[in-house]
Amino acid sequence: MSTATATPRTVPHTTRPQSSVSRWANHNRKWVLAAPAMIFTAAMILFPLGWTLYLSLTNAKGSVRAEKEFIGFDNYASVFADTARFWPAVGRTLFFTGGTLVAQLVLGMVIALLLRKNFRGQGFVRIAVLMPLVATPVAVGMMWRLIFEPNIGIVNYLLVRMGIPAQPWLAGENTALPTTMIIDIWQWTPMVALILLAGLTSIPEEMDEAASIDGASAWQRFWHVTLPILWPSVVVATLLRGIDALKTFDILYATKGRGGGSFNEVETLNVYAYGLSFDYNNYGIASAVLILFFGLILLALFLLVRGNKVK
Amino acid sequence: MRTSPGYRIFRIVAIAVLIVVMLMPIFWMVLSSLKNNVQIFDVANAFNFDPSLENYRNVLARSDYVDYIWNSFFVAFMSTAISLVIGVPAAYSMSRFVMRRSALVVLMARIIPGVSLLVPWYYIFSNLRLVGGYSVLILSHMFVALPLIVYIMMGFFDGLPIDLEEAAQVDGLTPIGAFLKVTLPLSVPGLATAAILSFIFSWNNFMFALVLSDAGTKTLPVAIFDFIGYASIDWGGLMAASTVVTLPIMLIALFAQRYVVSGLTAGAVKG
């Protein structure tokens, strides 16, 4: 295999007789090569999505196999009227996504700029930055559960030693969601930092230096030189992180369990839809929530791509 | 470029803080996994204790953990292998024929919330009597692995010059033959990146296995929850179990750092 050469062989190749299957496959190779992956994805998405859409218009409950009636848009109506669970979940989803995204972009940018120039020991630092990112999210949740434990956690121990009152962190009704956001920021800021760092290495340093000689301050150089060139990387990072933040599940489930805790304090749309589906088996309502959730993701994606094109 | 000494000191301090923030929590997890529950409660003497592997002995002996390690490995390995087989040719075709819209179909898998597919999957696969078996776990993890592989490999093939394939075709190879015998051997770095990333994401996946596995096919992220009881948490065991899940992945990242980083940042430069 490794002997495949770039230069054409000198000995003329005797044309092998091709079978008709081979000829057909080569002629249609565009689709022959792409088809298995596309068929797999389509089969795994299209029918299930259609099914979910159908379930959202029925009163399916208990067992998917049970008798169900077509009830039109009643599920959507009751979801929209649900101020106890649905709308708070929408709020938490947006708050979680917006907050973590902004923090990760800002901190990721700072880290990328910090690590931009070569220095001794940079290999070790880059490995340190990579570790949170590859760690299993459920294990990360468990790890922080111990660290933030109100009575035996190291964070409260240090706070009290410094004379700051202990905080309830994950155990508090109002502090739980921000605490899960801290965990998410810890785990995923490295991702943004690495993407931006990869983008930074493609910027020639001469540009920065030229601006510096022209008397531009560090901030001006960042704002007018670095950021515009880096913009495509910022967009990629925002898209990747934004979509995943909207769908966050593992950390929330690992730290607070079912339903986002006993007061649903970290119940986002994804956690809510999961609970409706698999804890309450309320498939009709769950499907309506999921369709709306998917719509929200597509809307966010559309706005991001659109907003970026205008620039 | 000139940097003021003030900035240099700031940079050193900032990088030191960064290292502590990134590694300290992981270090704390490993440290706690070497303690019994009495020692874990004694935060004031956190570093003053006799380390013991007792928790690991419990984890590995007690709860079929060796089986769960195998389950995680087998599912991640198989889903990665099959996704490579169908994903790499697709990425090649999508790159060479510039099939952006078809690529979007595959990348859709990355965007759609998994929960919205799980109820129908559960229904279909339980009708086929597959729920709880390996095949359904592998299929669902392929759903994670495939878009990742297609995304990474499309970027890789985009950057691979087409001349070599054309030369091979002049040489008498069919187009598919040229792909198999010329392009693929040249793609080893890209394939390694895609395979490693895909393995990591499958290994770390939690939600699909939570619904689709049973007591025998449970993967590690699901099995961790065995250490959380209704009344109390076995912190030492929990930290040991969390370490067991995370350690293999961190070792991979350590030794294949270049591939992992290039996979994670794929597409970042081109935009």
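Biologist: Before we start, what makes a residue buried or exposed here?

Modeller: A residue is buried if 20 or more other C-beta atoms lie within 10 Å of its own, and exposed if 12 or fewer do. Please keep in mind throughout that this is a predicted model.

Biologist: Where does UniProt put the transmembrane regions of chain B?

Modeller: The unreviewed UniProt entry places them at residues 12-31, 68-92, 104-124, 136-157, 178-203 and 235-256 of chain B. Taking two of these in the model, residues 68-92 are 100% helix with end C-alpha atoms 35 Å apart, while residues 178-203 are 96% helix with end C-alpha atoms 33 Å apart.

Biologist: What about a domain in chain B?

Modeller: UniProt, again in an unreviewed entry, places "domain: ABC transmembrane type-1" at residues 69-256 of chain B; over that span the model is 78% helix and 0% strand, and the end C-alpha atoms are 21 Å apart. For chain A, an unreviewed entry places a feature of that name, "domain: ABC transmembrane type-1", at residues 90-304, where the chain is 74% helix and 0% strand and the end C-alpha atoms are 19 Å apart.

Biologist: Switching to H13 of chain B, where is its kink?

Modeller: The kink, of about 30°, lies at Thr246(B), shortly before the proline Pro248(B). Helix H13 of chain B covers residues 235-255 and reaches 30 Å from its first C-alpha to its last, which is close to the 30 Å expected at 1.5 Å a residue.

Biologist: Which residues does Leu238(B) touch?

Modeller: Not counting residues up to four places away in sequence, Leu238(B) touches Phe227(B), Ile228(B) and Ile233(B), and also Met142(A) from chain A.

Biologist: Then how many residues of chain B are in contact with chain A overall?

Modeller: There are 82 residues of chain B in contact with 82 residues of chain A. Helix H1 of chain B, residues 5-33, supplies the largest share of chain B's side, twelve residues, and by class that side has 65 nonpolar, 14 polar and three charged residues.

Biologist: Which residues touch the most others in the largest nonpolar core?

Modeller: Val289(A) and Val150(B) touch the most other members of that core, which has 159 residues. Helix H7 of chain B, residues 134-158, gives the largest share, 18 residues. Leaving aside neighbours within four places in sequence, Val289(A) is in contact with Val79(A), Phe86(A), Leu269(A), Tyr272(A), Ala273(A) and Leu276(A).

Biologist: Over in chain A, where does H2(A) bend?

Modeller: H2(A) bends by about 45° at Ala35(A), with the proline Pro36(A) following within four residues. The helix has 27 residues, 29-55, and reaches 38 Å, close to the 39 Å expected at 1.5 Å a residue. Its buried residues include Leu33(A), Ala34(A), Phe40(A), Trp51(A) and Leu55(A). One of the transmembrane regions that the unreviewed UniProt entry gives for chain A is residues 31-54, and that span is 100% helix in the model, with end C-alpha atoms 31 Å apart.

Biologist: Last topic, backbone angles: what is the phi of Asn264(A), and what is that of Arg129(B)?

Modeller: Asn264(A) has a positive phi of about 55° although it is not a glycine, and Arg129(B), likewise not a glycine, has a positive phi of about 60°. Asn264(A) lies in the loop between helices H11 and H12 of chain A, whereas Arg129(B) is found in the loop between H6 and H7 of chain B.

Biologist: Why does Asn264(A) count as buried, and why does Arg129(B) count as exposed?

Modeller: Asn264(A) is buried because 21 C-beta neighbours lie inside 10 Å, and Arg129(B) is exposed because it has 9 C-beta neighbours inside 10 Å.

Conventions:
Residues are numbered from 1 along each chain as its sequence is written. Chains are lettered from A and ligands numbered from 1 in the order in which they are written. This is a predicted model: local features need pLDDT of at least 70, side-chain atom pairs count only at pLDDT 80 or more; totals for chains, interfaces and linings use all residues. Helices (H or I, at least four residues) and strands (E, at least two) are DSSP runs, numbered from the N terminus. The expected span of a helix is 1.5 Å times one less than its number of residues. The bend at a residue is the angle between axes fitted to the seven residues ending there and the seven starting there. UniProt positions are given in the numbering used here, feature names are shortened, and annotations may be inferred rather than shown by experiment. A nonpolar core is a set of buried Ala, Val, Leu, Ile, Met, Phe, Trp, Tyr and Cys residues joined through C-beta atoms within 7 Å. Two residues are in contact if their C-beta atoms, placed from the backbone, lie within 7 Å. Ala, Val, Leu, Ile, Met, Phe, Trp, Tyr, Cys and Pro count as nonpolar, Asp, Glu, Lys and Arg as charged, and the others, Gly among them, as polar.
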